[in-house]
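Subject: Handing over a structure

Hi,

Could you take over this one from me?

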Amino acid sequence: QYSPDSVAGADGELDPSVVTFPGCSCRRSSCAAPQCPCLSRGHSYSSSRLAEQQEQPFSRPVFECNSLCCCGEGCQNRLVQRGLRLRLQVFRTRSKGWGVRALQPIPRGTFVCEYAGEVLGFAEAQRRVQAQSPQEPNYIIAVREHLHDGRVMETFVDPTRIGNVGRFLNHSCEPNLFMVPVRVDSMVPKLALFAAADISAGEELSYDYSGRFHNLPEASREQKPVEEENSLRKPCYCGSRKCAAFLPWDSSLFSTP
């Protein structure tokens, strides 16, 4: 089932459509920092693109203006919530199954698409992963955000049954997209993919499933699996010069309490 936005998972633990953030009281048509509280919470946009980040060890989250804000629909701090605006094509690759390519040039920093699906709690995400055979494709993504106080926020999205074009994006060890959590109405983020470089028409789109790209290596929970887990690893066919031979491995959803 195609859905442009993430939806509450079957476990009913998280509902991304519930509005819990207060709106800003900005009276102008487009908000400006530092007056707007939405813009002061994290990273922001510049001319409808993600602003360049200055040598940060982590990619920072973005807080967009929401449905309770007083600013207009044309506010520059509303980008990901408007959804997909580019011409993309799902196509059959030679060795990686389905993939996605651009049908138009995409400048660096441009929002491309969201990775949308069912938003799950940890228990349901773990149940679904463990119910899969090694031959089945795994679409569940685990995004971990490291907070300033040491806590880690986890978001699990599964587009296996309900999702959008983002589910067809392949991994690359040298990707041209990177993922940023973008919050609009609540703490449940939209997993937004932005262009990491200028992308040509016809070029396949990809991102690093591990989160290493635009983050310090230690931010990733990717691990070298123990011998008995090697059978669960899938080979990587990205073809890049830095190819790690296997897709990223995160054992947290396979471990038992």
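Below is what turned up, starting with how to read it.

This is a predicted model, so to speak of a local feature at all I needed pLDDT of at least 70, with side-chain atom pairs counted only at pLDDT 80 or more, while totals for chains, interfaces and linings use all residues. Residues are numbered from 1 along each chain as its sequence is written, and side-chain values use heavy atoms, leaving out hydrogens and water.

Let's begin with the rings. A pair of aromatic rings is described by the distance of the centres and the angle of the planes. Here, rings of Phe, Tyr and Trp (its six-membered ring) pair if their centres lie within 6.5 Å; planes under 30 degrees apart are stacked, over 60 edge-to-face, and the rest tilted. There are seven aromatic pairs in the structure. One of them is Tyr-207 with Tyr-209, a tilted pair at 5.0 Å centre to centre and 55° between the planes. Tyr-207 is buried, at 4% relative accessibility, whereas Tyr-209 is partly exposed at 31% relative accessible area. (Buried is under 20% relative accessible area, exposed over 50%, partly exposed in between, using a 1.4 Å probe and protein chains only.) Elsewhere, ring pairs join Tyr-45, Phe-111, Phe-178 and Phe-194 into a cluster.

Helices (H or I, at least four residues) and strands (E, at least two) are DSSP runs numbered from the N terminus, and two strands pair if DSSP finds at least two bridges between them. Four strands make an open sheet of mixed pairing, in the order 4-12-13-7. Strand 4 (62-63) and strand 7 (111-114) each have a single partner strand, so one side of each lacks a neighbour in the sheet. Strand 4 pairs with strand 12 (residues 177-183) in the parallel sense over two bridges, and Val-62 stands opposite Val-182 in strand 12.

Most residues other than glycine have a negative phi, and most peptide bonds are trans. Ala-33 and Pro-34 are joined by a cis peptide bond, with omega about 5°; Pro-34 lies in the loop between strand 1 (7-8) and helix 1 (37-40). Ala-245 has a positive phi, near 80°. That residue, Ala-245, is in the segment after strand 14 (204-207).

Cheers
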